[in-house]
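Student: I'm new to this one. Could you pick a single part, look at it closely with me, and then show me how it connects to the rest?

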Amino acid sequence: MSATELVRTARMKRDSGIGKQVRKVLAVVALPIVLIVTWWFSSAGSQNFFFPPLEQIVTAFQPTWFTGAIETEVLPSVWRLLGGYLVAGVIGIGLGALLGSSPVLRAFTEPALEFLRAIPPTVMIPILILFLGIGAEMRVVVIAIGALWPILLNTIEGVRAIDEVLRDTARVYRLTPMMRFSTLILRGASPQIVTGARQGLSVAIILMVISEMFAAQDGIGFTIIRFQKSYAMPEMWSGILLLGVLGIVLSLIFKLFESISLKWYFGLRQSQRGGN
Amino acid sequence: MTISDSVSVQSPDVLLQVRGLRKTYEVRNDPIEAIRRLTFDIHAGDLVCIVGPSGAGKTTLLRSLAGLLTPSGGSAKLDGEEIVEPPKGMAVVFQEYARSLFPWLTIAQNVALPLKAQGVDRATRAEKTAKALEAVGLADVAKRYPWQLSGGMQQRVALARAVAYEPRILLMDEPFAAVDAQTRADLEDLVRNLWHRLGLTVLFVTHDIDESIYLGQRVLVLSNRPTEILDDIAINLPDERDQLTTRNEPEFARLRAEVYERVQQAKAGRRPGDAA
Amino acid sequence: MSNNVATRRSWLWFLWTPLNAVQRAWAGVAGVVVFLVCLQVLPLTGAVDPKHTPPLSEVISALVSRLATPQFWEALLNTLTTWGIGLGISVAIGVVAGLLIGGIPVVREFTASTIEFLRPIPSVAFIPLAVLLYGTGRDATLLLIIYAAVWQMLIQVSYGAQDVDPVARDTARSYRFPKGFTLINVVVPTVLPYAVTGFRLSASVALILAITGELIIGTPGLGKLIVIAQESGAVASMYALVLVTGFLGLAVNVIVRMMERRVLHWHASVRREGMK
Ligand SMILES: Nc1ncnc2c1ncn2[C@@H]1O[C@H](COP(=O)(O)OP(=O)(O)O)[C@@H](O)[C@H]1O
Ligand SMILES: [Mg+2]
């Protein structure tokens, strides 16, 4: 076999299906594995009190969370998060559809909304404590208010951007108001609504944690701060990891939802790009 | 030929009655008079073409007739009823047909949507949709999305949607201006064919003289902006038309010369009533 | 636009009428006035508990007396400094990492999964760690800011770097342009619009986390003043400070958007020059 042939077969192998597949998998897992392994070995036998060995953190995970804390601290936090987020979604999309469709209402509310949205959402916590105390309601409301702005403002933009011809089509074929809302407005604005919902979700997670750290007697944020105050380092780290995992899981669920609801949009963009 | 503006007695089979229709766009400081005065009748079962140079106000006229635009004066009546909003039983194929299809709905869903708005039950909807797609030769792409189709196919979807709606009158705004010549010829035959089979009333707007003669029983020639009707020409070609033979008939050539001359005069700024 | 709306026989018709720029401005002013009047009147009538929400006049007088104290200005300066440093570091990291990741396909391929995992981890999860490492100092808050704000910049810049026209890049290489020349003439113009978007997003995230850090960790700044006001029961003062954070957020938004417009304008004109 000549040298050029060798090179050619090597190249074919590299480009072949299996080679590509292997490379793809490698690309996904390589760096995370390297990072985790590095953390594991560099922290092994660590004498630094604040940075316990990863092994200890992992060992602490099970007894810290899976002996009841998941049910009593974590899940209630997640339900509050989802509750507040849902409220923000319903109000944000409903109000956004209205404001996006009505130039008069939009002009009337725009400057005030612009100001309200600029208030960092976390400073609402001390204010809401006045009204609602430090219980679950306060936290749900904080999450709802914080997540509302990105959803609302993006929905308004999305509704405004709906194609004029499509609006005319809906009128000519006399779609019912319900169908206009669901088929024209909601779907038409969905790319921007999803963008707003994504921003809203990360704000909501921040607010879930902060509201519990700031003033609460329970919840995942409170629990982590309690570990910190009692210098239970591996437990505290396991809490940080848990929050990380929670963030990742929620974002994965969101991505799934996004890829389903915006399938048409990605396809449309692809075809437009290919067409040019 | 002139029809006096004061005529209001309606012959029994007049479906669309336009009397002294005017439209001036109120752009700030600079009103644009698009339509000066239009008066004509369309009888039930007619296929009428309106031909006029680009910018003559053809789209403006069609949008006024569709109830999407408030005229500045005069009236348009469908079956004796003043058009103030999109009337029942009217379908429109827009010039920007691609933008008039809902990209988040499949082809079948797009076609079925107006039927759903009318409260047609699911089984009937499916049946009518399938029939309409069959009629335009798109039965095999029912489950695809509009952005997966070529321009000519999208145009046929828009046509199928209009046909499935079973309108009493179908308005078409330069529907074939953006498709290639072969597709265009096919689509022209399709329109004639559907018109024959379904007994529709069609108002077909175009800037293409040959197309207007080939398709129409009657051609209205519009002047330049501000628009008036320059001429109303009856097309006495045999009812069975064929892309090859019809276009080669002496009568076709004569009509083309006649309409062409009118349009040239229109471009040169001739107004009705000017000495020829 | 007003021309495109046919008369609707609904008593709410005015909501859907388009406005011109002057009308829009007046509507906005009216909206703000109504908003302010509500803030003043609702507490006075007892519709909301004045103990929890003092009337606007009280909040304003609290604000005025705050403005007279050196502590306020010190806090404002602290907040701005923390924000500025955090944003600066985030932008620097984001640009460098974004260029590497976006510009070198292999790097992109092997870091994508890690970024996808790290990004959704809420930065506030690191609060306990930050407190242990840096106490209530500025560094603790900076840690939060940087972890949150880096991503926006990094992602946008890497999109931009991916977008660099391969033909332009190859041309630069084949003509053996010096590296600096390529950077300035090929990479910068493409990446710039993405970078300004990233900057805008990073700037507002950084401000939110700066104030959040002050609120929770106790880093000196406006957030800390809010907590002090809350703990001492100075409700009006607390509202006044919340308003200040809102104005700060608004100022950041407006200034960054102005910068964005200016850079993009420059960018557009540079591009046009380049095409000649
Ligand atoms: N919304 C609008 N506002 C102002 N002027 C318009 C508007 N729409 C159309 N026009 C003007 O009215 C004239 C007729 O336009 P149009 O009806 O689109 O012509 P056509 O369809 O025959 O090409 C053109 O001069 C156009 O510039
Ligand atoms: Mg037109």
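Tutor: Let's start with residues 74-258 of chain A, which an unreviewed UniProt entry annotates as "domain: ABC transmembrane type-1". Keep in mind that you're looking at a predicted model.

Now zoom in on the pieces. The unreviewed UniProt entry also marks a "transmembrane region" at residues 21-41, 82-105, 125-152, 201-225 and 237-257 of chain A. Take residues 21-41 of chain A: that span is 100% helix with 0% strand, and its end C-alpha atoms are 30 Å from each other.

Next, who does chain A touch? Look toward chain C: 57 residues of chain A are in contact with 59 residues of chain C. Putting chain A and chain C together buries about 5200 Å², and carbon and sulfur atoms give 76% of that area. On the chain A side, the residues that lose the most area to chain C are F108(A), F115(A) and L130(A), which together make up 11% of what that side buries.

For residues 76-260 of chain C, UniProt (unreviewed entry) gives the annotation "domain: ABC transmembrane type-1". That stretch of chain C is 86% helix and 0% strand, and its end C-alpha atoms lie 24 Å apart. The "transmembrane region" label from the unreviewed UniProt entry falls on several spans of chain C, including residues 180-197 and 234-256. Residues 180-197 of chain C are 100% helix and 0% strand, with end C-alpha atoms 24 Å apart. For residues 234-256 of chain C, the figures are 96% helix, 0% strand and 33 Å between the end C-alpha atoms.

Finally, find ligand 1. It has 13 residues around it, and G55(B), G57(B), K58(B), T59(B) and T60(B) come nearest. By type, this shell holds 6 nonpolar, 5 polar and 2 charged residues. Two elements of chain B, β2 (32-43) and α1 (58-65), each supply at least two of the shell's residues, and α1(B) gives the largest share, 3 residues.

A polar backbone atom of A56(B) is 3.2 Å from an oxygen atom of the ligand. Y25(B) uses its side chain instead, placing a polar atom 3.4 Å from a nitrogen atom of ligand 1. Ligand 1 on its own exposes 560 Å², and the protein buries 70% of that.

Key. Residues are numbered from 1 along each chain as its sequence is written. Chains are lettered from A and ligands numbered from 1 in the order in which they are written. This is a predicted model: local features need pLDDT of at least 70, side-chain atom pairs count only at pLDDT 80 or more; totals for chains, interfaces and linings use all residues. Side-chain values use heavy atoms; hydrogens and water are left out. A residue is near a molecule or strand if one of its heavy atoms lies within 4 Å of it. A polar contact is a pair of N or O atoms within 3.5 Å; within protein, one must be able to donate a hydrogen and the other to accept it, and residues adjacent in sequence count only if both atoms are side-chain atoms. Accessible areas come from the Shrake-Rupley method with a 1.4 Å probe; for residues, only the protein chains shown count as cover. Helices (H or I, at least four residues) and strands (E, at least two) are DSSP runs, numbered from the N terminus. Ala, Val, Leu, Ile, Met, Phe, Trp, Tyr, Cys and Pro count as nonpolar, Asp, Glu, Lys and Arg as charged, and the others, Gly among them, as polar. UniProt positions are given in the numbering used here, feature names are shortened, and annotations may be inferred rather than shown by experiment. Contact means heavy atoms within 4.5 Å. Buried area is the accessible area (1.4 Å probe) that two parts lose on being put together, summed over both.
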